[in-house]
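Here is a friendly note to go with your first look at this structure. Please keep the view open while you read the points below.

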Amino acid sequence: AAFGDLIKKAATDTIQALRGGEKASANAVTGTADLTDVVEAVTNAELTLQTVVAVRDRLLNAYQEIMRLPI
């Protein structure tokens with residue numbers, strides 16, 4: 001269950017980072033946010049998304065390699 005917990009925490013952290021970026025962007029539009037905070041939150045969200053995509057690609061590649069192994 002430790003691997004499952006790790007995946008669950010990673011997913012939760014990813015969602016929180018993306019929501020933080022969205023919230024900061026919305027605050028920037030309304031003029032209620034500091035520009036530095038907005039840039040930091042959006043950059044964090046972008047990096048998080050890039051990491052998730054990279055991990056997904058690696059997992060898919062590993063799965064494909066396993067499926068190609070002779071039985």
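1. By definition, a salt bridge is a side-chain nitrogen of Lys or Arg within 4 Å of a carboxyl oxygen of Asp or Glu. Both Lys-9 and Asp-13 belong to helix α1, four residues apart, or about one turn of the helix. Helices here are DSSP runs (H or I, at least four residues), numbered from the N terminus.

2. A word on the model itself: it is predicted, so local features need pLDDT of at least 70 and side-chain atom pairs count only at pLDDT 80 or more, while totals for chains, interfaces and linings use all residues. Residues are numbered from 1 along each chain as its sequence is written, and side-chain values use heavy atoms, leaving out hydrogens and water.

3. Next, look at Thr-14, also found in helix α1 (residues 2–30). Is Thr-14 buried or exposed? At 15% relative accessibility, Thr-14 counts as buried. A polar atom of its side chain lies 2.8 Å from the backbone oxygen of Ala-10. Leaving aside residues up to four places away in sequence, Thr-14 touches Thr-48 and Val-52, where contact means heavy atoms within 4.5 Å.

4. How many salt bridges does a search of the whole structure find? It finds three. Arg-56 is partly exposed at 45% relative accessibility, and Asp-57 is partly exposed at 33%.

5. Arg-68 and Glu-65 also form a salt bridge, at 2.6 Å from N to O. They are about one helical turn apart because three residues separate their positions in helix α2 (residues 35–68). Arg-68 is exposed, with a relative accessible area of 57%, whereas Glu-65 is partly exposed at 46%.

6. Finally, Ile-66 lies in helix α2 and is exposed, with a relative accessible area of 55%. Together with Tyr-63, Met-67 and Leu-69, Ile-66 makes a nonpolar surface patch of about 470 Å². Such patches join nonpolar side chains (Val, Leu, Ile, Met, Phe, Trp, Tyr) within 5 Å, from residues with over 30% relative accessible area and no salt bridge; the areas come from the Shrake-Rupley method with a 1.4 Å probe.

Conventions. Helices (H or I, at least four residues) and strands (E, at least two) are DSSP runs, numbered from the N terminus. Buried means under 20% relative accessible area, exposed over 50%, partly exposed in between (1.4 Å probe, protein chains only). A polar contact is a pair of N or O atoms within 3.5 Å; within protein, one must be able to donate a hydrogen and the other to accept it, and residues adjacent in sequence count only if both atoms are side-chain atoms. Patches are made of residues with over 30% relative accessible area and no salt bridge: like charges are joined within 9 Å, nonpolar side chains (Val, Leu, Ile, Met, Phe, Trp, Tyr) within 5 Å.
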